[in-house]
Amino acid sequence: MIKTDICDLLGIEYPIFQGGMAWLGTAELAAAVSEGGGLGIIGAGHMPPDVFRNEIHKLKERTNKPFGCNIMLMSPFVKEVMQVVLEERVPVITTGAGNPSTYVPALKEIGTKVIPVVASVLLAKRLLRGGIDAVVAEGTESGGHVGEITTMCLIPQIADAVNVPVIAAGGIADGRGAAAAFALGASAVQMGTRFVLSEECIAHANYKEAVLKAKDRSTVMTGLTTGHPVRILENLLSHQYQELEFSGAPKEELEALGAGALRKAAIEGDVKNGSVMIGQISGMLQDVKPCATIIRDIMAETETVIGGLQKIIK
């Protein structure tokens, strides 16, 4: 069985993280991933603190295994949400859209592991000085908010640049991708898109169906001119957004078009006018399975792939 340093650090059975997806990274999904031996992660997004606390309580009712929360540092509620993390003694947090260093001392005091999501070597090195425990290195293949560097190029460079475990994210959804990530220097993999297509994910049936129908070129990136690119499935919204974006529309108009778009797709099921945030690997996925089955299948395939590579050595 594959075990890495991240398994020992976090007390998890398998080196698999679930992406902390806003609206979809709920207690139901996170608990199922943790019960399956990985690290389930509640996506705090822009949750008010009372809603966030309730999700943590729901998760704790479903599992006593390690879990994490993804904290969006640009959230208007970030200070209150961090206070909830401290009061609920959340074992692990991943962070995005900012520098968590301000919060690290208090988090360390209660034993919380702090793992920022990064999209460049420079950011990884900068955050390392704040006392973090690991990094999630996320390639541009991911769904949602992304950077510009591909996973294949990003992982080995970050692995060479930092002295903490690296979790690879972006374009990973099976044992082949996991084996490749380990070969590049990662200690674990993080998957969002694969877990969207799980039985426990609350995504609307239309959302899951759109992902199942996706091909290799079905995703596009919006927001390139704003400095905050987002990968989504191509649809009416993406066409409208790109038309506005490249006609020089003001930032406020673009923000208004995107406001509430993720909820519209993920929860309400409007996959034409909503934002279907999903990764490029969606073109490979063809089924919906329980989280525990997804994890077991991927780990078994990873072992098979690694074992098969031995055969090419003469």
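User: How many of the five residues of strand 4 are buried?
Analyst: In this predicted model, strand 4 covers residues 92–96. V92, T94 and G96 point one way from the strand, while I93 and T95 point the other way, and all are buried. Strand 4 is therefore largely enclosed by the rest of the structure, the buried count being five of the five.

User: Which residue of strand 4 is the bridge partner of C69?
Analyst: Strand 3 and strand 4 pair in the parallel sense, and five bridges join them. Among the bridge partners in strand 4, the one that belongs to C69 is I93.

User: What distance separates the end C-alpha atoms of helix 3, and what span should its 14 residues give?
Analyst: Helix 3 runs over residues 49–62, and at 1.5 Å a residue its 14 residues should span 20 Å. The distance between its end C-alpha atoms agrees with that expectation, because it too is 20 Å.

User: Which residues of helix 3 are buried, and within what arc do they fall?
Analyst: The buried residues of helix 3 are F52, E55, I56 and L59. Seen down the helix axis, these buried residues line one face, because they fall within an arc of 100°. D50 and E61, on the other side of helix 3, are exposed. The cover over the buried residues includes helix 2, strand 2 (40–43), strand 3 (67–72) and helix 4 (78–88).

User: Which exposed residues does helix 7 carry on the face turned away from its buried side?
Analyst: In helix 7, residues 151–161, the buried positions are T151, L154, I155 and I158. They fall within an arc of 95° seen down the axis, so they line one face of the helix. Elements covering them include strand 5 (113–118), helix 6 (121–128), strand 6 (135–138), strand 8 (166–169) and helix 8 (175–183). The face turned away from this buried side carries the exposed residues M152 and D160.

User: What does Y207 touch, leaving aside residues up to four places away in sequence?
Analyst: With residues up to four places away in sequence not counted, Y207 touches L24, V196, L262, A265, A266, V271, S275, V276, M277 and I278.

User: Is R89, which has a positive phi, buried or exposed?
Analyst: Most residues other than glycine have a negative phi. R89 is not a glycine, yet its phi is positive at about 50°, and its place is the loop between helix 4 and strand 4. Its relative accessible area is 52%, over the 50% cut-off, so R89 is exposed.

Note on methods:
Residues are numbered from 1 along each chain as its sequence is written. This is a predicted model: local features need pLDDT of at least 70, side-chain atom pairs count only at pLDDT 80 or more; totals for chains, interfaces and linings use all residues. Side-chain values use heavy atoms; hydrogens and water are left out. Contact means heavy atoms within 4.5 Å. Helices (H or I, at least four residues) and strands (E, at least two) are DSSP runs, numbered from the N terminus. The expected span of a helix is 1.5 Å times one less than its number of residues. Buried means under 20% relative accessible area, exposed over 50%, partly exposed in between (1.4 Å probe, protein chains only). The arc is that of the directions from the helix axis to the C-beta atoms. Two strands pair if DSSP finds at least two bridges between them.
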